[in-house]
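Let's take a walk through a protein model, one piece at a time. Keep the picture open while you read.

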Amino acid sequence: MGIGILAGAVVGSVVVLIVLFKMMWRVAEPNEALIISGSNHKNEGLGEGMGFRIVTGRGTLVLPGVQAVRKLSLDLNETQLSVECVTHQGIPLKVRGVVIFKVGDDFVSIANAARRFLDQQKLMSERVHIVFAGHLRAIVGGLTVEDMIRDREKLTGQARSACGTEMEKLGLIVDSLQIHEIEDPTGYIKNLAAPHAAAVQRDARIAQAEANRRATEAEQQAAARMSEATRDSEILQAGYQAERDQASARSRQAGPLAEAASRQEVVVQETRVAELEAQRKEQQLQADVRKPADATAYEKRTLAEAERDARISAAQAKARETELASAATATATRVTGEAEAAAAHAKGLAVAEATRAKGLAEADAIKARAAALAENQEAVVAQQLAEKWPEIVQAGASAFGNVDQMVLLNGADGMADMFAKALTMGGTGLGLARQLLASMGPDAADRPATPVPPARAGAESTGPRSPDETVVRISLEEE
């Protein structure tokens with residue numbers, strides 16, 4: 001019985017020890033750190049006499065009632081940033097972003113965070129927002145809107161660098177800092193983007209127009225290919241239809257062609273028979289008519305040729321004789337002609353020489369007459385009138401040449417008066433010649449003298465006295 005009691009006591013002791021161990025043993029989870037306070041402990045990287053011990057990722061014994069154990073979360077936390085800033089250009093902006101942070105894994109960071117947030121871990125995000133808001137305002141105040149838009153990574157890096165020291169003092173590390181949005185209540189960013197937006201719209205419209213053009217060209221090419229294919233198909237169909245029509249026409253023409261061929265053969269045979277009959281008749285004609293006629297014609301032709309040859313021989317002999325006689329006559333004629341030509345040449349030279357001498361003499365006479373005329377025109381004119389006096393008288397008497405019978409009223413006195421007037425016409429011609437020479441100049445004397453017109457006669461018929469006699473009364477008027 002004693003053994004049973006002893007065994008029960010041992011078991012009870014073991015159970016009590018196990019319960020006590022479980023009450024004293026604490027295990028830190030991977031995402032938390034145990035802060036054990038109540039005794040002096042030395043941790044790696046920390047100074048002595050810190051007053052608490054940090055346990056992460058393992059278990060440890062804690063004396064209940066002597067030491068206190070509290071947990072510090074190592075999970076990620078985030079805080080939303082919404083900070084109103086003013087840029088270097090004086091343009092108000094509102095920066096929106098998010099900060100993801102946590103307590104550092106090293107004992108220094110855990111110790112710093114434990115001192116500041118062990119009982120206020122819910123206020124950790126608010127504290128982080130305050131830190132980042134102040135630094136963001138300072139950073140944005142030194143940048144322009146263009147810098148913030150074009151290089152957000154620069155803004156993020158500067159913010160993390162500026163907050164790093166303070167976050168390290170808080171025992172926190174920043175896993176991520178993202179700037180989500182930059183709000184522009186004044187519309188500066190929108191106006192800044194307007195030229196680029198217009199350029200983008202322009203490029204988009206150009207690209208759309210180019211795409212439409214290419215699409216239209218592709219459609220037109222496709223339509224052209226379709227038309228070409230349709231044309232080729234229609235051409236092939238037309239060719240096939242033409243072949244079918246041709247075959248059908250040949251089939252329809254087969255019967256008439258066969259009949260025509262048979263008729264053609266009949267015509268050929270008939271033509272052959274006719275040709276043989278014509279040949280037979282021609283041979284008969286040759287034997288009966290042509291050969292005797294050819295013999296008779298040959299005989300006549302031979303006789304005619306013999307007679308012609310005889311005449312030709314006689315004519316050739318006669319022509320030879322005539323040729324020899326003509327040659328002799330031509331030789332004599334040529335000699336005679338040469339002599340006559342020489343005589344004619346000599347005669348022509350003599351005539352030419354005489355003509356030249358006569359011309360020179362006449363020229364000298366003209367020059368002498370012109371000189372005389374220049375000195376005494378009346379003497380020259382009187383000489384010429386004296387030389388031409390018979391002709392002048394003859395011209396004055398020619399007025400009576402056609403008168404068959406004249407009746408003079410005053411007898412012999414009338415006759416004398418009539419002839420005196422006729423002769424006076426010569427003197428009148430002398431005055432007229434002087435006037436002509438004066439008007440024509442010194443060369444007028446060298447020209448041929450113009451015949452003086454006869455005196456105008458006025459005839460007056462006294463009427464017929466008998467059938468065979470006409471009495472004419474003539475009166476001469478001085479011109």
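Helices (H or I, at least four residues) and strands (E, at least two) are runs assigned by DSSP and numbered from the N terminus. What you're looking at is a predicted model, where local features need a pLDDT of at least 70 and side-chain atom pairs count only at pLDDT 80 or more, while totals for chains, interfaces and linings use all residues. Residues are numbered from 1 along each chain as its sequence is written, and side-chain values use heavy atoms, with hydrogens and water left out.

Next, find the open sheet with three strands in the order β3-β2-β5, paired antiparallel. Two strands count as paired if DSSP finds at least two bridges between them. β3 (52-56) and β5 (68-73) are the edge strands, each pairing on one side only. Strand β2 (residues 32-37) pairs with β3 over five bridges. Two residue pairs to look for are Ile35 with its bridge partner Ile54 in β3, and Ala33 with Thr56. Is β3 mostly covered or uncovered? Mostly covered: four of its five residues are buried. Buried means under 20% relative accessible area, exposed means over 50%, and partly exposed is in between (1.4 Å probe, protein chains only).

Now for the cores. A nonpolar core is a set of buried Ala, Val, Leu, Ile, Met, Phe, Trp, Tyr and Cys residues joined through side-chain atoms within 4.5 Å. The largest one has 42 residues, and Phe132 and Leu172 touch the most other members. Helix α3 (residues 124-140) gives the most to this core, with eight residues. Leaving aside neighbours within four places in sequence, Phe132 is in contact (heavy atoms within 4.5 Å) with Leu81, Val99, Ala159, Cys163, Met167, Val174 and Leu177. Apart from that core lies another, of five residues, including Ala28, Ile36, Val55 and Val62.

Thr87 sits in the loop between β6 (77-86) and β7 (92-103), yet Thr87 counts as buried because its relative accessibility is 5%. Beyond neighbours within four places in sequence, its contacts are Leu93, Val140, Gly141, Leu143, Val145 and Met148.

Finally, look at charged side chains. How many salt bridges does the structure hold? There are 14, where a salt bridge is a side-chain nitrogen of Lys or Arg within 4 Å of a carboxyl oxygen of Asp or Glu. Glu210 and Arg213 form one (2.1 Å, N to O); they are three residues apart in helix α6 (residues 188-375), so about one helical turn separates them. Glu210 also meets Arg214 (3.2 Å, N to O), and these two are four residues apart in α6, again about one turn. Arg214 counts as exposed because its relative accessible area is 54%, whereas Glu210, at 27%, is partly exposed. Glu210, Arg213, Arg214 and Glu217 are linked in a network of salt bridges. Further along in α6, Arg272 and Glu275 lie three residues apart and meet in a salt bridge as well (3.8 Å, N to O).
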